[in-house]
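Here is a short note to read beside the structure. The points are numbered so that each can be checked in turn.

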Amino acid sequence: MASLHESTLKTDVSPELLIAHIVQIHASVCKLESLRPSKQVNTLFTHLVKLCIPSSSIDITALPEETQLIRQSLITLCGKAEGLLELEFSTFLSKLPQPLNNLNLFPYYGNYVKLANLEYKILSDNGVVQPKKVAFIGSGPLPLSTLILATHHMKSTCFDNFDIDESANAAASQLVASDNELQRRVKFHTQDVMEVRDKLGEYDCIFLAALVGMNKVEKVKILGHVRKYMKKGGTLLVRSVKGARAFLYPVVEEEALLGFEVLTIFHPTNEVINSIILARKPVV
């Protein structure tokens with residue numbers, strides 16, 4: 001039985017007004033010539049995030065089709081903008097003498113620290129303390145989750161990071177290359193998770209990033225594939241969202257985890273955007 005944690009705090013903005021603001025931002029983002037980091041890009045996405053973070057009574061499943069299309073478009077746009085921001089900072093940090101000592105220069109570093117702390121606590125509470133081998137699917141050009149977990153929480157764990165973007169892995173590898181000990185434990189693979197099969201059985205714990213599977217159909221397909229090939233008794237940590245945060249990232253419903261034992265679902269109400277679902281593949 002899954003344990004569920006969430007707050008009863010609500011935003012003062014009505015769902016109708018919230019959607020009107022979001023639609024307006026979407027229109028402005030669509031007019032941008034580029035999603036590369038700039039004052040205009042940063043301002044629009046910062047405004048969007050601030051609108052979506054507070055707990056809301058909005059029912060994402062009840063949105064009209066037109067709003068659903070805008071939501072799906074926003075998730076795609078946010079993902080592209082996030083990737084470009086991470087790539088810029090990863091490239092910038094790699095040029096510094098000690099890049100891994102300067103990760104805090106990334107504007108959202110503090111959020112990643114809080115998310116990693118939260119995820120490690122949830123894993124520890126469920127008996128996953130120092131796994132020997134971890135897979136992170138969808139690691140990106142600035143793999144902060146892996147770096148924070150590997151240096152502060154799982155100090156002997158080996159991490160295999162999977163991403164379909166070769167340039168993202170090249171940037172991430174260059175960052176890690178500045179630390180010999182970390183480079184020994186942290187590896188990067190340019191591969192679609194749907195093409196990874198038997199190797200998934202090597203990991204004690206698998207992380208699935210929020211943007212791996214951009215819609216419900218893709219997410220269910222990926223989760224089914226991971227469940228098929230991961231080891232029995234292994235744990236899967238899936239990032240999702242709740243409420244208006246679903247305009248930023250895809251939602252993973254508990255029903256999508258068919259064949260898994262869902263251990264816990266946690267919905268943060270602070271600036272940590274992603275919800276955390278921890279599941280286990282049954283031993284039998």
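**Notes on the predicted model**

1. A polar contact of 2.8 Å joins the side chains of Arg239 and Glu119. The model is predicted. Arg239 sits in strand E6, residues 235-240. Its relative accessibility is 7%, so Arg239 counts as buried. Leaving out residues up to four places away in sequence, Arg239 touches Leu115, Glu119, Phe136, Ser145, Leu208, Ala209, Ala210, Val252, Asn274 and Ser275.

2. Asn274 is one of those partners of Arg239. Asn274 belongs to the loop between strand E7 (261-266) and strand E8 (275-280). Is Asn274 buried or exposed? Its relative accessible area is 9%, so Asn274 is buried. The Asn274 side chain reaches the backbone oxygen of Ser240 at 3.3 Å. Beyond four places in sequence, the residues that Asn274 touches include Leu115, Ala210, Tyr249 and Pro268. Leu115 and Ala210 are also on the list for Arg239.

3. Now helix H8. This helix covers residues 216-229 and has 14 residues. From its first C-alpha to its last, H8 reaches 20 Å, close to the 20 Å expected at 1.5 Å a residue. At the N-terminal end, Asn215 caps the helix. A side-chain oxygen of Asn215 lies 3.2 Å from the backbone nitrogen of Val217.

4. Which residues of H8 are buried? They are Lys219, Ile222, Leu223, His225 and Val226. Seen down the axis of H8, the buried residues fall within an arc of 160 degrees, so they line one face of the helix. An α-helix has 3.6 residues a turn, so residues three or four places apart point the same way. On the other side of H8, Lys216, Val217, Lys221 and Lys228 are exposed. The cover over the buried residues of H8 includes strand E2 (133-137), strand E5 (205-208) and E6.

5. Next, the nonpolar cores. The largest has 62 residues. Ile206, Leu236 and Leu257 have the most contacts inside it. Helix H4, residues 109-125, gives the most to this core, with eight residues. Leu257 touches Leu223, Leu236, Val238, Val262, Ile277 and Ala279, not counting residues up to four places away in sequence. Apart from this core lies another, of 29 residues, among them Ile19, Leu77, Ala244 and Leu248. In soluble globular proteins, nonpolar side chains tend to be buried together.

6. Leu93 lies in helix H3, residues 65-94. Its relative accessible area is 0%, so Leu93 is buried. Leu93 and Leu103 are 10 residues apart along the chain, and their C-alpha atoms are separated by 7.4 Å. Leaving aside neighbours within four places in sequence, Leu93 is in contact with Pro99, Asn102, Leu103, Leu105, Leu142 and Leu175.

7. How many disulfides does the structure hold? The count is zero. A disulfide needs the two sulfur atoms within 2.5 Å. For Cys158 the closest cysteine sulfur is in Cys205, at 14 Å, again too far for a bond. Cys78 is buried, with a relative accessible area of 10%. Cys158 counts as partly exposed, at 30% relative accessibility.

How values were computed. Residues are numbered from 1 along each chain as its sequence is written. This is a predicted model: local features need pLDDT of at least 70, side-chain atom pairs count only at pLDDT 80 or more; totals for chains, interfaces and linings use all residues. Side-chain values use heavy atoms; hydrogens and water are left out. Helices (H or I, at least four residues) and strands (E, at least two) are DSSP runs, numbered from the N terminus. Buried means under 20% relative accessible area, exposed over 50%, partly exposed in between (1.4 Å probe, protein chains only). Contact means heavy atoms within 4.5 Å. A polar contact is a pair of N or O atoms within 3.5 Å; within protein, one must be able to donate a hydrogen and the other to accept it, and residues adjacent in sequence count only if both atoms are side-chain atoms. The expected span of a helix is 1.5 Å times one less than its number of residues. The arc is that of the directions from the helix axis to the C-beta atoms. A nonpolar core is a set of buried Ala, Val, Leu, Ile, Met, Phe, Trp, Tyr and Cys residues joined through side-chain atoms within 4.5 Å.
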